[in-house]
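Visitor: I would like to learn how to read the features of a model like this one. Could we go through them together?

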Amino acid sequence: MQRHLFTIFIFIFLFFHLTTSAQKEDSKLATSTTGATIGKMVDGNGQPIAFATIYVLDAQDSVPNAYGITDENGKFTISAIPFGKHILKIDYIGYRTLYTSPFSISKENPVFRMQPIKLTEKVTMLGNVEIRAEREMLQSNLDKKVFNVENSITTDGATAVEVLEEIPSIDVDLDGNVTLRGSENVTILVDGRPTHLTLEQIPANMIESIEVITNPSARLEPDGMSGILNVVLKKERKKGFNGMVSLRSGLYFFDKKPNFGNGSGNISLNYSYKKINLFINYDARYFGRKSGGNIERDSWFGNDTMHISQDNLNRNGGWSHNVQGGIDWFINKKNTLGLTLGYNYHKRQGDNTLSVVNDSILSKEHIPYENYLQTATDQNVRHNFTSSLNYKKTFETKGQELTADLFFSQRNGNEKDTTTQDYHFPTFRPSIFQKTTTKDRNLTSTAQVDFVTPVGKGGRIETGYKLSYRSIGQDYKYYTGNDTLPLTQDFTRSNHFVFSEIINAAYFIYSNTFWNKLKIQLGLRGEIANTKSDLKSQDTIYRKNYYNLFPTAHIRYDINDQHSIQFSYSRRVTRPSIWQLNPFMNVSDKLNRRAGNPNLMPEFVNSFELGYLMNIKKTSLNITAYYRQRNNIISRYTEMFQDSIDNEWVTYTLTTYQNLKKSQNFGIELVFGQQLWKFWKISLSGSFYRLIIDSEDKIDENLTRDWTWNARLNQTFSLPKDWDLQLNCRYRAPSLTTGSMGWGTGGVGQGKRSGNYSIDIGVKKSFLNKSLVLSLNTRNLISSYRTKVHTYSYRQYNGYDAYSIRQNSRINISLSISYKINNYKKRPVKTIGDDEGEDME
């Protein structure tokens, strides 16, 4: 009996002790008017669900009063909840939205402890068809559109180039030039930071989403005339050990002949234990491609008239290795530290043949002037290193946080080209040999600190400072010789150019919500930019300093839960790149030369948007009207010249860059989504726009006015037995090349290009409870794989009229297989512009 009494006494003592401790802990969460709720989130298997969003709603009118996010163990504590009766609303991707039973928080019972909350996956059965919920392709936020592409079948095993081709309002041409709403002046970021990687070096299976930010807030850099494209990479933080392995192989058709030579392998691993999360992604790929084209050009200079016919064929191939790893340390509930390291190795080698027939025209008769065959080989090796260190601290005040970020990236490259020019006519001319070597070193580093704090009733202030440094150097050496003379460096055609830039920037943003319907965000960013262009080979330095303010405004009014209207404004800038500033003339093709312009000025734009958003059950609609006014337009420009080179008079085109006065660009774009049946979803998008350029008579008037449009239709089918099918169609109408900037040294001058179309299809089959996935996709199954460009310039004493055709591989077929380790799943990662509770998705 005494033993039982002792046991009861111990039990009462422990219960009293634990209750007293809990009450002391609860007292820290309560104030005179608010309380808190505590609980845990688990899935159907009892495993914790991390990073789920929880909203505390008023039980009478469902007005949000507070919100929170579960930690890595699925636990949550939400404080600052007003006294009264409430319910919880829980949202998590792939799970049904859950509403809890009402509960009360009062002065007598300020903390309510929830029983473990279990979420169930969204699974709908239609006959033998299983439909699992996935993130919508498009999520519209206040200052950006997020396109979720991780489940795209047609881009399996491809690169970022193919991913961008699926995004509304974006177009990628044969040279890799990316246009947004018809403008090439777009900034491309990776995880919110600048990158030295090309789009072809970013594997598609490492991409989670694409953020299209046409009117960024003041927090982001104002570079990019038409906006920012942010490539968000996948990042896993699921507890325990998990991963995914995938393999891909493919072939492509060129001139109706199959070519093998495309493949890739990828492995992603993640390990999370307590406060530490480790992850690593590795991708290796080999690639091969062919392209070709021809040019027919008539040119005149004074009394001389020439006709040039050129045919070229390019073959390229190589290897790339991409590895990225990092660690996240959740020091405590208020401090988080993250480190990410990356390395990319890219080797490309290829050969090119160029056949040239150059005739003089006299009394409409073609008189042979020269006929030669130019063959070239090239090899390019690049090493790219990246690192980032980020820190986040939250405070007792809800919504108050401090973040700091350090970023460093360096790319070293070596390129070697050898060219032989053999004359078929006149036969007495000796063969010419050329060799060029190029060493480049690009360096980017940034340091940034941001602070966010709530103010007043529902208001918020964001402020921050960013220091950016960028250096791009290129050492180009040119060697020439012939049958009788050995290769010797020509110092007049060699070039060593270094461009550097330092930018100090600070910003301020105020945002607030009124009447739970009107959301306003006003911002201002100030920048001081100092640039230096050092042409070391000519001992010449160009310096420019810029002081500018960039205001932004975003307003959204929610008519009701289904309809919203939105307005935004931003002032932006495009600064000239090294390719556009470097005055050195590239004469690798003596008849078509290129050079930069060190006197280029930055280009500025004022951008306005007005949008309408609708979301009714299975239907979504996003309509945006926009207007952009550009000043000091940076544009490629082509002219005719005649010069004596190696004791020979040569008539050639020179493509360089100029500042045109201004332009206006206005249009409308539409994104429509519809769940036709439970197994069939479509997404239709398109844009229609007008371009008007004021070139001050530098360019023919017909090349300064344009109406054009584009459209896309994406369809996905979830079929029985874990089969999935995707069908994509694209069309781009004819458009101007005037006012475009190209990428690197690529692109053409003022003119018009033809329209094009393509159809892609992909099919996917899942095995072993969706752990093993096999996919087959065909890109450009039906397509206009050729692009025709007409460029011309008519002057009083000289001019030219040229037609060119460019073509790439026509059909690309690839087979991919992937396997998930321990049910590997991606978790949405917070990206640029995201603010908890303010995304308004």
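This is a predicted model: local features need pLDDT of at least 70, side-chain atom pairs count only at pLDDT 80 or more; totals for chains, interfaces and linings use all residues.

Visitor: Where does Lys274 lie, and what is the value of its phi?

Guide: Here is the general idea: most residues other than glycine have a negative phi, and most peptide bonds are trans. Lys274 has a positive phi, near 55°. Lys274 sits in the loop between strand 20 (257-273) and strand 21 (276-301). As for the term, strands (E, at least two residues) and helices (H or I, at least four) are DSSP runs, numbered from the N terminus. Asn516 is another residue other than glycine with a positive phi, near 60°. Asn516 is in the loop between strand 29 (495-514) and strand 30 (518-535), and counts as exposed at 55% relative accessibility.

Visitor: Which peptide bond is cis?

Guide: Look at the bond from Phe425 to Pro426, which is cis, with omega near -10°. Pro426 is in the loop between strand 25 (401-425) and strand 26 (432-455).

Visitor: Now to charges. How many salt bridges does the structure hold?

Guide: A salt bridge is a side-chain nitrogen of Lys or Arg within 4 Å of a carboxyl oxygen of Asp or Glu. The structure holds 25 salt bridges. One of them joins Asp378 to Arg348, with the closest N and O atoms 2.6 Å apart. Asp378 lies in strand 24 (residues 365-394) and Arg348 in strand 23 (residues 335-362), so this pair ties together parts that are 30 residues apart in sequence. Asp378 counts as buried, at 14% relative accessibility.

Visitor: What about the salt bridge of Lys519: which residue is its partner?

Guide: The partner is Asp558, and the closest N and O atoms are 2.5 Å apart. Lys519 belongs to strand 30 and Asp558 to strand 31 (residues 540-558), so the two tie together parts 39 residues apart in sequence. Both Lys519 and Asp558 are buried. Arg493 and Asp490 also form a salt bridge, at 3.6 Å between the closest N and O atoms, and both of these residues are buried.

Visitor: Which residues are linked in a network of salt bridges?

Guide: Asp223, Arg470, Glu501, Arg525, Glu527 and Arg575 are linked in this way.

Visitor: How many residues does the largest nonpolar core have?

Guide: A nonpolar core is a set of buried Ala, Val, Leu, Ile, Met, Phe, Trp, Tyr and Cys residues joined through side-chain atoms within 4.5 Å. The largest one here has 23 residues, and Leu164, Ile170 and Val178 are among those with the most contacts inside it. Elements that each supply at least two residues of this core include helix 2 (160-164), strand 14 (170-172) and strand 17 (207-213). Helix 2 gives the most to this core, with four residues.

Visitor: And on the surface, which residues form the nonpolar patch?

Guide: Patches are made of residues with over 30% relative accessible area and no salt bridge; nonpolar side chains (Val, Leu, Ile, Met, Phe, Trp, Tyr) are joined within 5 Å, and like charges within 9 Å. Accessible areas come from the Shrake-Rupley method with a 1.4 Å probe, and for residues only the protein chains shown count as cover. The patch is formed by Phe666, Ile668, Phe688, Trp707, Trp709, Tyr731, Tyr757, Ile761, Leu781 and Ile782, with about 920 Å² of accessible area together. Strand 36 (649-677), strand 38 (705-719), strand 42 (756-767) and strand 43 (772-783) each supply at least two of its residues. Phe688 is in strand 37 (residues 680-694) and counts as partly exposed, at 40% relative accessibility.

Conventions:
Residues are numbered from 1 along each chain as its sequence is written. Side-chain values use heavy atoms; hydrogens and water are left out. Buried means under 20% relative accessible area, exposed over 50%, partly exposed in between (1.4 Å probe, protein chains only).
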